[in-house]
Structures are given as C-alpha cells and as structure tokens.
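Colleague: Hi! Could you walk me through this model? I'd like to go over it piece by piece.

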Amino acid sequence: IDYGTPARQSESQVTLEIDGQTVTVPEGTSVMRAAMEAGIDIPKLCASDSLEPYGSCRLCMVEIEGKGGYPASCTLPAAQDMQVRTQSEKLNQLRSGVVELYLSDHPGESVTGEGSGDDELLQVADKLGVKEVRYPSGRNHQDAEVDVSNPYFAFDPTRCIVCSRCVRACNEVQGTFALTVDGRGFGSMISAGTDQDDFLNSECVSCGACVQACPTEALLEKEVAEQGVPEESVVTTCAYCGVGCSFQAE
Ligand code: FES
C-alpha cells in the first residue's frame, strides 16, 4: 500500500474523525495518510509515501466540517477533533472534472495493457466513473515527440500530467537534480533541463527513480513499452558499491 505521504514521528498524537471513523495518528501526519492507514482510500496522482507532499494534482480534495473550500488532503496536517469527509457527491463531481481536464490532453489509452493498464490516471478515471471528456482537447503536447535518447527508458510528453513526481524523485530520492518543470500553465512540461532538451544529454544518471515515480506511463522502460509488464520478476541488489542499485531479471 502506498499511503500517499511519508510517515511522521512525534511524541504527540492527534485524534480525528474521518468518514465517521475515529483515527489517531502522530502529529504532523497528513489527513491523506491518516485516512489511508484507516483503510479509507482517497484518489491521488501526485502523492507518494516516498516523496514529500506537493499538492499539484488536486484529486485528493476532502471536506472539513466547519471550514470552507476543498483542501488537498495530502498537504493538510491532521488536527485534533478535525472531522473529515472523503466522499460526497460534490467531491466526486470536482474530482471527475479534474480528471476530465487531464484526459483532455492525454491519449486516453494505456501503453502497458488492456484497459487502464498501469496508468494511474486511467485507473482513477475508471474508479470515478469518468467515461466522457466534456472539455475540448487542449492537445498542447499531443504532437510532441517521444524522447527515446536514453538507452533504458523513453519519455512521452503526450502522457505527462506534470504532477512532478519524477522531478521530486530525481531530487529527493536520488539527489541528481536532472529534471525540472519548464513553462507555465497548460504549456508546462517536464524537461531534462539542457539546451539539447533530451535525457541523454542531461545530468540524468539513468537510475530509474523517475520511471518508478511516474503515475501515467509518460516515463516508461523501453522493454516494458515493447513487451508489456512482466508477469514475474526477480529483483536483486548489486553488492559492488554502496549505492544500492537494483537489477531486475524477467
Ligand atoms: Fe493531493 Fe495530488 S494527491 S494534490
């Protein structure tokens, strides 16, 4: 299970109510993590428990009793006596609208399998029952070329929702700082940050942290794109140095 945000350590605990369920968590824990630990699933795309919360996708909106608006649960710290609702008609409507906007600039099909495959955006769309996109296609990136310069993985901008999970994985997990977000608004896109603008000529060390982090198959191992997701795999860790790179045999 990915709990959405990292676990927090604290001697103080807070008790709150989520969908009528009483939950106690260490102070500093996000509402999203508190809910997920209690078995309550909240839709998410930009959050991961290996990365600090960022709040870019807006899918994890919740309602807080006595407060206005729809805050993102991944960036909202749980507070004593807070009363949270994760499901309502309004929340479903808002989340579906957000998903439709993403899908308006997305191919709408998985690369890795039938239906939604490994594409978390398509999986969330399925769960929310989004069948049609009411918005005209932005098609900002639909003519963009796939960057196949890296020998191990490809970057397809047509699938990218700019959630920044890859950028944060590159920075927070690997400490390489090879990726950034270039541009603004609908024109924004992940960039390897070089004049040549491809992965091969960037600071990328091919560690694969960005590929692991990507929720939409925009960054995908070439083998997986060509042959599909392996049914079985063995992961071993090389003992040659202290980095801890893993090798996967299929
Ligand atoms: Fe909270 Fe994306 S998961 S904003």
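Modeller: Happy to. Let's begin with Gln21, which is partly exposed, its relative accessible area being 35%. Keep in mind that this is a predicted model.

Colleague: Thanks! Where does Gln21 sit?

Modeller: Gln21 belongs to strand β2, which covers residues 21–26.

Colleague: And what does Gln21 touch, leaving aside its neighbours within four places in sequence?

Modeller: Gln21 is in contact with Leu16, Ala38 and Ile40 once those neighbours within four places are left aside.

Colleague: How far is Gln21 from Glu63?

Modeller: Their C-alpha atoms are separated by 15 Å, and the two residues are 42 apart along the chain.

Colleague: I was also looking at Asp19. What is its phi?

Modeller: Phi of Asp19 is near 50 degrees, so a positive value in a residue that is not glycine. Asp19 is in the loop between β1 (13–18) and β2, and Asp19 is partly exposed, with a relative accessible area of 34%.

Colleague: Which other residue has a positive phi without being a glycine?

Modeller: Phe177 has one, at about 55 degrees. You'll find Phe177 in the loop between α4 and β6.

Colleague: Is Phe177 buried or exposed?

Modeller: Phe177 is exposed, with a relative accessible area of 57%. The cut-off for exposed is over 50%, so Phe177 qualifies.

Colleague: Changing topic: where is Asp119?

Modeller: Asp119 lies in the loop that runs between α2 (89–103) and α3 (120–128).

Colleague: Buried or exposed?

Modeller: Asp119 is buried: its relative accessible area is 0%.

Colleague: What does the Asp119 side chain pair up with?

Modeller: The side chains of Asp119 and His106 are joined by a polar contact of 3.1 Å. With neighbours within four places in sequence left aside, Asp119 is in contact with His106, Arg159, Pro215, Thr216 and Glu217.

Colleague: Nice. Let's zoom out: what domains does the assignment give?

Modeller: The domain assignment has domain 1 at 13–87 and domain 2 at 139–249. Their C-alpha centres lie 28 Å apart.

Colleague: How many residues of each are in contact with the other?

Modeller: 10 residues of domain 1 are in contact with 10 residues of domain 2.

Colleague: What area is buried between domain 1 and domain 2?

Modeller: About 760 Å², with carbon and sulfur atoms giving 58% of that. On the domain 1 side, Leu45, Leu51 and Tyr54 supply 62% of the area buried against domain 2, more than any other three residues.

Colleague: By class, what is the side of domain 1 that touches domain 2?

Modeller: That side has six nonpolar, three polar and one charged residues.

Colleague: How many salt bridges and polar pairs are there between domain 1 and domain 2?

Modeller: The count of salt bridges between domain 1 and domain 2 is zero. For polar contact, the count is six residue pairs, both residues at pLDDT 80 or more.

Colleague: Great, thanks for the tour!

Terms used:
Residues are numbered from 1 along each chain as its sequence is written. This is a predicted model: local features need pLDDT of at least 70, side-chain atom pairs count only at pLDDT 80 or more; totals for chains, interfaces and linings use all residues. Side-chain values use heavy atoms; hydrogens and water are left out. Domain bounds come from an automatic or database domain assignment. Contact means heavy atoms within 4.5 Å. Buried area is the accessible area (1.4 Å probe) that two parts lose on being put together, summed over both. A salt bridge is a side-chain nitrogen of Lys or Arg within 4 Å of a carboxyl oxygen of Asp or Glu. A polar contact is a pair of N or O atoms within 3.5 Å; within protein, one must be able to donate a hydrogen and the other to accept it, and residues adjacent in sequence count only if both atoms are side-chain atoms. Ala, Val, Leu, Ile, Met, Phe, Trp, Tyr, Cys and Pro count as nonpolar, Asp, Glu, Lys and Arg as charged, and the others, Gly among them, as polar. Helices (H or I, at least four residues) and strands (E, at least two) are DSSP runs, numbered from the N terminus. Buried means under 20% relative accessible area, exposed over 50%, partly exposed in between (1.4 Å probe, protein chains only).
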